[in-house]
Structures are given as structure tokens and as C-alpha cells.
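Colleague: Hi! Could you walk me through this structure? I'm new to this, so please keep it friendly.

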Amino acid sequence: MEPIWRYSIQMPSFPKFEGGVKTDVLIIGGGITGILTAYFLKQSGVECILVEKGKICQGSTGHTTAKITFQHGLIYHKIRRSSGAEAARMYFEANQLAFSKYRELSGEIDCDYEIRDNYVYSVNDKKMLEDEMVALEKIGCSAKLQESLVLPFPTVGAVKVANQAQINPLKFIASIAEGITIYENTFVKAIHGNTAITDCGEIRAKTVIVATHFPFINKHGSYFLKLYQHRSYVLALEQAQDVGGMYVDASQTGLSFRNYQKYLLLGGGGHRTGKKGGNWSVLRSFVKRYYPQAKEYCHWAAQDCMSLDEIPYIGQYSSRTAELFTATGFNKWGMTGAMLSAMLLSDMVQRKNNEYADLFSPSRSILKPQLFVNGLESIVNLLSFSGRRCPHLGCALHWNAAEHSWDCVCHGSRLDENGTVLDNPANGK
């Protein structure tokens, strides 16, 4: 069950940390967010160390479908409604900058960078597409309401934003990581002040950035209330359709499409981690109906952190932690989310003003409807009987038969049959 990206490149290896050291910035987490942040800090001459408990990019980064776009579903109408027109404009501008930075860096890297139009479609609700078009027009984003699509099933149309992009994320990161001080197989057991305790020594830093997908320090920031995790599934198909662009359903449980080389990447079957969902069986049923000649080359699953208001949390871990930062809650748009995070965090570490910092601040109001859903899920699962409990905060674990894992509804931790942690925030080897 390896993502298609792993068949095209041998990722670089890095040593295990041993001893004791001081540095200006310590980054915990070797995914695209951490590595890009380290890259920008290095470009600015800031001393930086990155540690990863396993191998770099084995988590969410290695399992993305790697669409680079500032069209994040039908996000702009939602932000205008919940946070105002100015917030929607700033979200657009910030993600445009992230998109442009990928274009700049990819021009110097062999990472299969390709320009593609992006489509957010709906199978039954044209009004929501029209509302998004109004929101996009007001923030100055060029878009088109397209009624006829190449997808093999009926829709009511899509909002199209032209000239977006897609890449091979591992090829991109393999190049970006060159020259960065990285330690793999280095497990951070605890953080005391600005000292990270690893299994082979201590790292003292002026500033610490937690880039571990789901922030693992529970005593600050209340991320166990502000986030939940969503699981989704992907098939790489041979002899299937070339859809000629990137497509995603406006519904969170719908299907996504993009091509990579001769393969069609079909995504979907999603569900809240720990709950029942369609998984690969939904995708395979779809293939049987619409692409009967297709052959499955490989399959994998991905996991995403979902924020309360569909805007990521990027900045100080909490209002009380001046030298502790994080980035999380990318809501399935981790490519631009990671680049934006790296740009913001590198500015913050260097005490540079960034006009978008307040919009993404993790300390903004959490009084959103999703907060109460998350709270209810936690209460129900804390009170549920189960022989298996999550080592994070003690919620009941649920068996995931499709992936042979024990999954936590509360915060999205996953453990294998032997209790080894597969996905955080449960923090273990």
C-alpha cells in the first residue's frame, strides 16, 4: 500500500541525532511543512535543525495527491459568510503567494510540475457554485462556471480556475531538502521549555516549531478541541480516463480526479477518522461501473487535519508561548497550506511583520459550530466501553477493517494491531 510517488524516486537518507547541541531554531516534523520552513530559514541565514521520528515524508506529505491551487473547494463563499469579505480577500492573496512560490521553486527542480486547470464540481447543487462565483468575483479571482465536464457521470457543473498546478511531491522535497540539517529516526519524547528531549540526547533551541501534522503538546493551544482528522483513499489506475485537469467534489465525501503520467488518481471514500466510511471499496465500485477496462496499479490512504473554520492554524502555538510555533489544520489543501506556513513561520521566527499572520493565528476565536461537534465526539468516545484506549487522551479506539488499524474518533490517532502509533497526536514510536 505505497503511494505512487514512491515508485519514481529514492528519497535521501539522513543520520540519527546523537549527543547534545544548541541551535537557533528546532523544527519537529519532517513533512513538507517542516522541510520548507527549514529551507526558507536556511536561505535567510538562520541556524536550524530539523528532526523526524521516522523517515522524512512518510506521513501526509507522501500520501497527498499533490494538487497546488488556491481554489480550496468552495471556500471563499464560506469565509465571506463566517469571517467577512476582508478575510476572504486575505486568504486568497496569501494562498496566491504560496502558489506563486511553488511555481518559482519548481522552475529549478525536476518534480513533474504541470500546469492544469482546477475544477470544483457539484452533482446536485448549482446554487452553491453560483454563490462561489460571486465570492470569487468580489475578491478578484478569475473563474468560470463551466456546465459541461469530461467526468463520466452527470453533474450540474463546476467552478473552474485556470492555470493551477500539480507535482510529484517527493521529487520536489528531495531537492528542497539538500543542504538542510536533518536528523531522521530521532524521536522527541518531551519538550521542557525550549529543550527537546530525544532518545539519544537533548537539543536546546531559542525557538521551537512543531510541524508534526497534529500538534502533540496538549498543555498549550487546545488543539484537541480545535481539530479533528478526516481519512480519504486513493487508487492509481492504468487504462483509465485522462481527465485533462484536477477535479474535486464540493462535497467532502465526493470524488477527486487528476492524472499523473499514464495513471488516473481517483480519490474518495472519505470519513472522519475512527468512523465507518467507504474506503477503497467505494472507489473500486466506481471503477467497475465507469472504468471497467482499468487496472489498479497501487492504492493508499491519506489523513488530514480539519480546523473549526476551514482556515489553517499557523503561528504561535498559543498566546502564552512566545518561542513555540506550529502549523496545522490544512483542511485537505496541504500543498499550499505547507508553503504558506513555511513563509509565515520563517517571517515570525525572524520577527518580520506579515500582514496575514492574524488571519491564520491559532489563538483566534474557537466559538464555531464544529467545536461542539468535536466536543460531543470526545465525550461519547471517552464514555464508550472498549478494550482498546487511545494513549493520547484515553478515547475508545475503533477497529478499521480496511486498513487493519485501531483508530480514534476523538483526535484521529491510529495504531497498528500491536499498538504501535501510525498517526499522531498519540506520541510514540
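Modeller: Happy to! The structure holds 22 salt bridges. Keep in mind that this is a predicted model.

Colleague: Okay, let's take one. Which side chain does Glu2 meet in a salt bridge?

Modeller: The partner of Glu2 is Arg6, and the N to O distance is 3.2 Å.

Colleague: Are those two buried or partly exposed?

Modeller: Glu2 is partly exposed, with 38% relative accessibility. Arg6 is partly exposed too, at 23%. The cut-off for buried is under 20%.

Colleague: Got it. What does Lys171 pair with?

Modeller: Lys171 forms a salt bridge with Asp112, with 3.1 Å from N to O. Asp112 sits in the loop between α4 and β4, and Lys171 belongs to helix α6, so this pair ties together parts that are 59 residues apart in sequence.

Colleague: And is Lys171 buried or exposed?

Modeller: Lys171 counts as buried, because its relative accessibility is 16% and the limit is under 20%.

Colleague: What about the backbone of Asp112, what is its phi?

Modeller: Asp112 has a positive phi of about 60°, although it is not a glycine. Lys332 is another residue other than glycine with a positive phi, in its case near 80°.

Colleague: Where is Lys332, then?

Modeller: Look in the loop between β17 and α9. Lys332 is partly exposed there, at 28% relative accessibility.

Colleague: Let's switch to helices. At what angle do α1 and α6 pack?

Modeller: Helix α1, residues 32–43, and helix α6, residues 169–176, pack at about 35°, and their axes are 10 Å apart. Their crossing is left-handed.

Colleague: Which residues make the contact?

Modeller: From α1 you have Ile32, Ile35, Leu36 and Tyr39. From α6 come Phe172, Ile173 and Ile176.

Colleague: Now the inside. How many residues are in the largest nonpolar core?

Modeller: That core has 85 residues, and the ones with the most contacts inside it are Tyr102, Phe172 and Phe360. Helix α4, residues 85–106, gives the largest share, 10 residues.

Colleague: What does Tyr102 touch, apart from residues up to four places away in sequence?

Modeller: Quite a list! Its contacts include Ile32 and Leu36, which are also part of the α1 contact with α6. Phe172 is among them too, along with Ile68, Tyr113, Ile167 and Met335.

Colleague: What else is there by way of cores?

Modeller: There is a second, separate core of 24 residues, which includes Val210, Leu308, Tyr317 and Leu324.

Colleague: Last topic: where is Thr212, and is it buried or exposed?

Modeller: Thr212 is in the loop between β10 and α7. Thr212 is buried, because its relative accessible area is 19% and the cut-off is under 20%.

Colleague: Which residues does Thr212 contact, leaving aside neighbours within four places in sequence?

Modeller: Those are Ile28, Gly29 and Asn424. Asn424 has something for you to look at as well: the peptide bond from Asn424 to Pro425 is cis, with omega near 25°. You will find Pro425 in the segment after β21.

Colleague: Thanks, I'll go and find those in the viewer!

Terms used:
Residues numbered from 1 in each chain as written. Predicted model: local features only at pLDDT ≥ 70, side-chain atom pairs only at ≥ 80, totals over all residues. Heavy atoms only, no water. Axes fitted to C-alpha atoms, helices over the stretch in contact; angles between N-to-C directions. Helix = DSSP H or I, 4+ residues; strand = E, 2+ residues; numbered from the N terminus. Left-handed = near helix turned anticlockwise from the far one by under 90°. Contact = heavy atoms within 4.5 Å. Core = buried A, V, L, I, M, F, W, Y, C linked by side-chain atoms within 4.5 Å. Buried < 20%, exposed > 50% of the residue type's maximum accessible area, 1.4 Å probe, protein only. Salt bridge = Lys/Arg side-chain N within 4 Å of Asp/Glu carboxyl O.
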